[in-house]
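Okay, thanks for making time, everyone. Let me put the structure up, and then I'll talk you through it.

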Amino acid sequence: MPKISVEVVFALPKKQYREVVMLEAHSTVEQAIQASNILDLCRYINLNCNKVGIFSQLVSLDHKLQEGDRVEIYRPLTADPNELRRQRAKRATIRKDGT
């Protein structure tokens, strides 16, 4: 069976992990992550909780890969993005008004 090359990445604020793995054609996202050994390096990654994607598009662990795909393991959000936007807007308004 032909092989494909895919990249598996996981980024922390101050460190990035990037592994290129060779897999059987039609392998899954989960198989790529397992083959990358990133789970051994980052034991706090939980594939039941962490979302995964390919080139910024969310996919499931059983998604079939294609040559050149970049599998991304996402960190959980630490804050609600909508709430952060509201806080920034409020601070900007206060600065404009001087109050």
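**Salt bridges, sheet and core**

Let's begin with Arg-18, which counts as exposed at 54% relative accessibility. For the cut-offs, buried means under 20% relative accessible area, exposed means over 50%, and partly exposed is in between, with a 1.4 Å probe and protein chains only.

Before going on, a word on the source: this is a predicted model, where local features need pLDDT of at least 70 and side-chain atom pairs count only at pLDDT 80 or more, while totals for chains, interfaces and linings use all residues. Residues are numbered from 1 along each chain as its sequence is written, and side-chain values use heavy atoms, with hydrogens and water left out.

Back to Arg-18. Which residue does Arg-18 form a salt bridge with? The partner is Glu-7, and the closest N and O atoms are 2.3 Å apart. By salt bridge I mean a side-chain nitrogen of Lys or Arg within 4 Å of a carboxyl oxygen of Asp or Glu. Glu-7 sits in strand β1 and Arg-18 in strand β2, so this pair ties together parts that are eleven residues apart in sequence. When I say strand or helix, those are DSSP runs numbered from the N terminus: helices are H or I with at least four residues, strands are E with at least two.

A search of the whole structure turns up three salt bridges. Another one has the side chains of Lys-3 and Glu-24 meeting at 3.2 Å, N to O. Here too we go from strand β1, with Lys-3, to strand β2, with Glu-24, so the pair ties together parts 21 residues apart in sequence. Lys-3 is partly exposed at 47% relative accessible area, and Glu-24 is partly exposed at 34%. Then there's Arg-70 with Glu-72, at 2.3 Å, N to O. Is Glu-72 buried or exposed? Glu-72 counts as buried, at 7% relative accessibility, whereas Arg-70 is partly exposed at 25%.

Now the sheet. It's an open one of five strands, in the order β2-β1-β5-β3-β4, with mixed pairing. Two strands pair if DSSP finds at least two bridges between them. The edges are β2 and β4 (57–59), each pairing on one side only. β1 and β5 run parallel and are joined by four bridges, and Phe-10 stands opposite Ile-73 in β5. Helix α1 packs on the sheet and touches β1, β2, β3, β4 and β5, with its direction at about 115° to that of β2. Those axes are lines fitted to C-alpha atoms, for helices over the stretch in contact, and angles run from 0 to 180 degrees between N-to-C directions.

On to the core. Which residues touch the most other members of the largest nonpolar core? Ile-33 and Leu-65 do, out of 22 residues. β1 gives the largest share, four residues. A nonpolar core here is a set of buried Ala, Val, Leu, Ile, Met, Phe, Trp, Tyr and Cys residues joined through side-chain atoms within 4.5 Å.

Last stop, Ser-27, in the loop between β2 and α1. Ser-27 is buried, at 7% relative accessible area. A polar atom of its side chain lies 2.6 Å from the backbone oxygen of Glu-24. Leaving aside neighbours within four places in sequence, Ser-27 is in contact with His-63, Lys-64 and Leu-65, where contact means heavy atoms within 4.5 Å.

Notes
A polar contact is a pair of N or O atoms within 3.5 Å; within protein, one must be able to donate a hydrogen and the other to accept it, and residues adjacent in sequence count only if both atoms are side-chain atoms.
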